[in-house]
Amino acid sequence: MSLIHEIDYGTPASRSEAQVTLTIDGREVTVPAGTSIMRASMEAGIQVPKLCATDMVDAFGSCRLCLVEVDGRNGTPSSCTTPVAPGLVVHTQTERLKQIRKGVMELYISDHPLDCLTCAANGDCELQDMAGAVGLRDVRYGYEGDNHVKARNNGEINVKWMPKDESNPYFTYDPSKCIVCSRCVRACEEVQGTFALTIEGRGFDSRVSPGMHEHFLESECVSCGACVQACPTATLTEKSVIAIGQPEHSAVTTCAYCGVGCSFKAEMRGEELVRMVPYKDGQANRGHSCVKGRFAYGYANHKDRILNPMVREKITDPWREVTWEEAFAHVASEFKRLQYQYGRDSIGGITSSRCTNEETFLVQKLIRAGFGNNNVDTCARVCHSPTGYGLGQAFGTSAGTQNFDSVEHSDVVVVIGANPTDGHPVFGSRLKKRLRQGAKLIVIDPRRIDLVKTPHVEAAYHLPLKPGTNVAVLTALAHVIVTEGIFDEAFIRERCDWSEFQDWAAFVAEPQHSPEETEKFTGVPAELIRGAARLYAQGGNGAIYYGLGVTEHSQGSTTVMAIANLAMATGNIGRPGVGVNPLRGQNNVQGSCDMGSFPHELPGYRHISDDATRDTFEKMWGVTLNNEPGLRIPNMLDAAVEGTFKGIYIQGEDILQSDPDTKHVSAGLAAMECVVVHDLFLNETANYAHVFLPGSTFLEKDGTFTNAERRINRVRKVMSPKNGYADWEVTQKLAQAMGLNWTYTHPSQIMDEIAATTPSFAGVSYDYLETMGSVQWPCNEKYPVGSPIMHVDGFVRGKGKFIRTEYVATDERTGPRFPLLLTTGRILSQYNVGAQTRRTENVVWHDEDRLEIHPHDAEQRGIKDGDWIRLASRAGDTTLRALITDRVAPGVVYTTFHHPDTQANVITTDFSDWATNCPEYKVTAVQVSPSNGPTEWQQDYEELTRRARRIAGKMEAAE
Amino acid sequence: MNVHVAGGIYAERALSIIRERKHLEGPMLPILHAMQHEFGFIPEEVKPVIADELNLSRAEVHGVVTFYHDFRDAPAGRHTLKLCRAEACQSMGADAVANRLRQLLGIDFHQTTLDGAVTLEPVYCLGLCACAPAAMLDDEVYGRVDEDCLAEIVAEVRR
């Protein structure tokens with residue numbers, strides 16, 4: 001194993017089709033037109049010295065080190081800013097160039113500290129490399145004059161010197177080491193799109209400045225790490241590198257946070273993780289990252305992590321640490337007892353969207369083949385189950401249609417109920433880059449998300465709808481497209497069922513769906529709807545990206561269908577730049593759905609009642625499978641309360657915190673006799689558990705994650721599991737204890753089993769992934785290299801299906817008691833229920849959930865910014881602090897759900913999507929009133945949590 | 001390091017200055033000139049206002065403002081005296097003039113006299129090389145600056 005060094009070509013690749021041939025140092029090189037001489041040289045293996053150029057950002061031409069000579073041209077042009085031309089004869093090393101480069105380096109080094117031996121970048125410093133490359137031996141200017149290097153100069157305070165900025169928890173800014181190459185500034189602008197950095201002053205006074213000469217933490221910086229990655233010196237350095245030293249080997253793996261699925265190099269010293277660096281060949285992230293994937297991995301070593309299995313008889317007892325063998329034997333005997341006593345269907349399990357495909361596959365296999373029922377469900381139930389259902393109905397596949405690269409070809413982007421710059425930041429950056437190039441943006445969201453207006457990006461239309469009226473707004477958009485005749489008739493006739501279209505068109509054209517009518521209850525001005533519809537239908541390549549603001553409604557599935565209708569009606573399917581793209585919340589939520597985690601579906605979305613599919617698995621597994629769908633999560637809880645469901649194996653999910661109506665969840669769990677929680681931490685669900693099996697992190701196992709673009713990415717083990725076993729091994733040992741004869745020795749064998757049984761994965765194997773890097777399903781004989789874009793020559797189901805989308809208002813209504821509508825969302829620095837990110841330094845950005853409330857509503861209730869408020873719905877109440885902002889409209893309040901002490905889901909109700917039971921998180925009628933402190937429920941719960949987390953023989957952690 | 005200015009006495013006026021000019025092509029410099037004209041300097045608190053109105057980041061506005069020496073971060077004295085320090089003027093004795101001026105005013109470059117009468121700034125070429133050494137008092141240029149000329153300037157600013 002060695003450190004993976006990626007070649008830096010100096011300037012981005014050219015996309016030109018035309019090829020140009022030139023000669024560099026006597027070698028003939030052929031490259032696409034528009035390529036820089038620097039890049040062409042590197043492609044030929046000739047490294048031109050450089051400092052300010054790096055291939056993540058455009059050429060800048062400031063360092064004057066990459067100069068070359070070109071026969072027949074005057075002077076010494078910089079190779080980064082000079083494009084190739086046919087027949088050029090370029091020299092990168094001449095006597096004249098050597099002299100110039102030495103002179104330039106001399107100037108650089110005359111204002112740079114000479115502490116290389118003790119410098120954190122020692123071994124990874126481009127300035128050092130270039131000094132070596134140009135043969136710098138002497139600095140004639142000395143170090144005594146004006147400089148930025150020394151705190152005191154000739155005994156006096158040096159006003160030019162600036163101290164280190166250590167405000168960011170993950171990296172430091174040491175201005176004394178800065179060579180002002182602007183790479184950080186350009187990375188922040190071009191790659192991340194935040195524009196948080198600038199060069200202040202001019203000439204010798206030039207300094208990199210976050211914000212207006214602020215500390216990094218106070219500035220607009222979002223801590224994505226692009227600047228740190230771009231810095232050629234130790235000026236911007238990860239604190240982990242300063243603490244540990246340079247890494248010695250690395251492996252490419254996949255981030256375990258959101259559904260973008262960024263590829264990272266995990267850079268290691270032995271088994272210690274030094275840093276995570278985004279991988280430029282990663283086809284989802286193209287070398288970019290966000291604060292979570294790049295830095296927030298500290299939870300893996302957090303003191304709260306549980307490393308030994310634990311058992312207890314009653315949930316009021318303290319935990320008792322046991323051996324793995326005891327734990328497995330206990331669970332197996334309990335599950336057997338329950339099934340004997342209460343029937344085969346009395347137990348079930350929940351797969352995790354945080355675990356690998358292989359692990360998820362094993363859990364559902366354990367339930368179907370071992371428990372002998374289909375009581376398996378997954379957390380996708382509470383997020384994207386309507387996507388699976390809706391897109392399955394309309395197109396024939398339950399997944400997004402595009403790859404992330406596709407956004408580079410979009411002309412109009414519609415973002416519905418998603419907040420990419422917070423929830424999917426790396427995709428958000430790629431989207432912003434396209435918007436800066438001129439693509440138009442339509443945002444449909446009750447809240448003014450960052451994308452509506454952020455430096456250099458402004459939405460053409462923001463439709464601030466009332467929560468719960470998605471279907472009405474989308475049908476109104478369709479109304480405009482149909483009645484104004486701006487649909488794509490040729491596409492529809494060729495690809496879709498024309499008579500179904502006519503039926504749908506007649507439906508949406510009804511006058512009650514006109515924007516003027518829907519405005520009355522959606523709150524979106526008709527003119528905005530008309531403008532947005534025209535732009536989407538006629539603005540070129542139109543792409544729709546959506547999130548949980550679409551799915552987590554009582555009409556979630558209907559909304560997904562309405563989105564599919566819009567895309568089909570305008571011909572925006574089946575080529576780059578268009579499509580319907582769910583932004584998946586979790587790293588492997590796509591994969592967990594693919595792997596047969598739903599009670600009615602075997603892997604590959606094939607119904608459990610389908611005899612041929614069952615036959616495949618029955619032959620492979622040597623069992624008879626139940627052909628009836630099992631229980632969904634809410635049904636399991638209902639059954640538990642009724643007394644017919646008694647035991648559950650929950651892998652990597654905190655249903656108590658993430659599922660709606662917390663009181664109902666806790667009642668269900670409390671009614672069970674054997675709750676097995678398999679997780680990194682004693683999560684909230686574990687308060688009700690009888691057995692705790694410690695989990696492993698993504699750094700500790702091999703496997704694959706499937707991201708939102710159906711991309712199967714490898715996860716590679718870089719350290720041994722601290723708890724002893726990877727999660728797939730735990731499931732296997734549990735299965736063995738229950739009498740199943742499983743003998744997997746590596747996750748690749750599980751993937752082989754998936755490939756052998758599931759047609760859309762037929763071509764996938766670890767060897768193939770090793771060659772390809774990653775691959776997008778379907779990957780089989782028909783699509784040997786995978787499918788970046790789906791439905792290219794026709795829909796998977798045959799003809800695209802238009803479905804009527806009647807708006808039915810949710811039963812959750814505002815009234816005199818609960819006059820406000822609560823909707824929920826995420827924030828950049830925290831992830832989901834926060835189990836991981838709350839255990840990292842990310843809490844400096846967000847250490848509590850706040851309730852966003854419009855100034856008007858706040859004033860009416862006498863609430864000031866920062867006040868404690870009581871948030872009550874008919875389901876329950878909680879307290880948190882208010883944040884007064886006009887991001888939300890009057891009548892709407894908003895909060896995040898990252899912190900367990902807030903328990904936003906105490907408030908949410910048990911209404912859910914009509915088709916899939918996906919809970920209606922995004923609409924709850926609430927009242928807000930001033931408060932002095934925690935509610936009774938919060939106090940009780942805190943006491944319960946404290947008692948439930950006691951471990952026998954261990955002192956309670958002093959808080 | 002944090003240099004936010006408390007209060008909002010400039011922000012409101014700044015907003016109307018910005019809105020009158022934001023339709024211009026490349027509106028930032030006209031806006032900054034108007035602010036400097038109005039306030040005598042570019043108050044820190046108007047930078048976020050400009051950023052918000054032009055849909056830029058605070059950093060970008062800060063970068064532009066600090067790039068130009070003419071945009072001041074604090075008000076100048078009643079008069080601003082700029083003395084050319086570029087090559088042609090240096091060769092014609094600008095250094096001696098500078099020393100004499102420092103003596104007469106009792107301040108160094110970038111400083112303002114205690115009575116607030118004048119701020120002394122270096123400038124790198126006024127385009128008056130033929131009449132070096134050159135100076136500029138407020139909007140008026142002086143060529144071939146000598147002892148008499150300096151006396152006149154000092155009398156003018158002290159008036």
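Predicted model: local features only at pLDDT ≥ 70, side-chain atom pairs only at ≥ 80, totals over all residues.
Local features are described at pLDDT of at least 70 and side-chain atom pairs count at pLDDT 80 or more, whereas totals for chains, interfaces and linings use all residues. Residues are numbered from 1 along each chain as its sequence is written, and chains are lettered from A and ligands numbered from 1 in the order in which they are written.

**View 1. The contact between chain A and chain B.** Chain A contributes 22 residues and chain B 15 residues, two residues being in contact if their C-beta atoms, placed from the backbone, lie within 7 Å. On the side of chain B, the largest share, seven residues, belongs to helix α4 (residues 58–67); helices (H or I, at least four residues) and strands (E, at least two) are DSSP runs numbered from the N terminus. This side of chain B consists of five nonpolar, six polar and four charged residues, where Ala, Val, Leu, Ile, Met, Phe, Trp, Tyr, Cys and Pro count as nonpolar, Asp, Glu, Lys and Arg as charged, and the others, Gly among them, as polar.

**View 2. Helix α6 of chain B and its two faces.** The buried residues of α6(B) are B:A94, B:V97, B:A98, B:L101 and B:L105, while the face turned away from them carries the exposed residues B:N99 and B:Q103; a residue is buried if 20 or more other C-beta atoms lie within 10 Å of its own, exposed if 12 or fewer, and partly exposed in between, with C-beta atoms placed from the backbone. The cover over the buried residues of α6(B) includes β1 (79–84), α5 (87–91), β2 (118–123) and α7 (147–158) of chain B. Just after α6(B), B:G106 takes a positive phi of about 70°.

**View 3. Domain 2 and domain 4 of chain A.** Domain 2 of chain A covers residues 152–301 and domain 4 covers 398–582, bounds that come from an automatic or database domain assignment. The centres of these two domains, taken over C-alpha atoms, are separated by 36 Å, and 14 residues of domain 2 are in contact with 12 residues of domain 4. On the side of domain 2 that touches domain 4, the residues divide into eight nonpolar, six polar and no charged.

**View 4. An open sheet of seven strands in chain A.** The strands follow the order β15-β14-β29-β28-β27-β16-β17, with mixed pairing, two strands being paired if DSSP finds at least two bridges between them. Because β15 (320–321) and β17 (376–378) stand at the edges with a single partner strand each, one side of each is left without a neighbour in the sheet. Strand β16 (residues 347–351) pairs with β17(A) in the parallel sense over three bridges, and A:I350 has A:D377 in β17(A) as its bridge partner.
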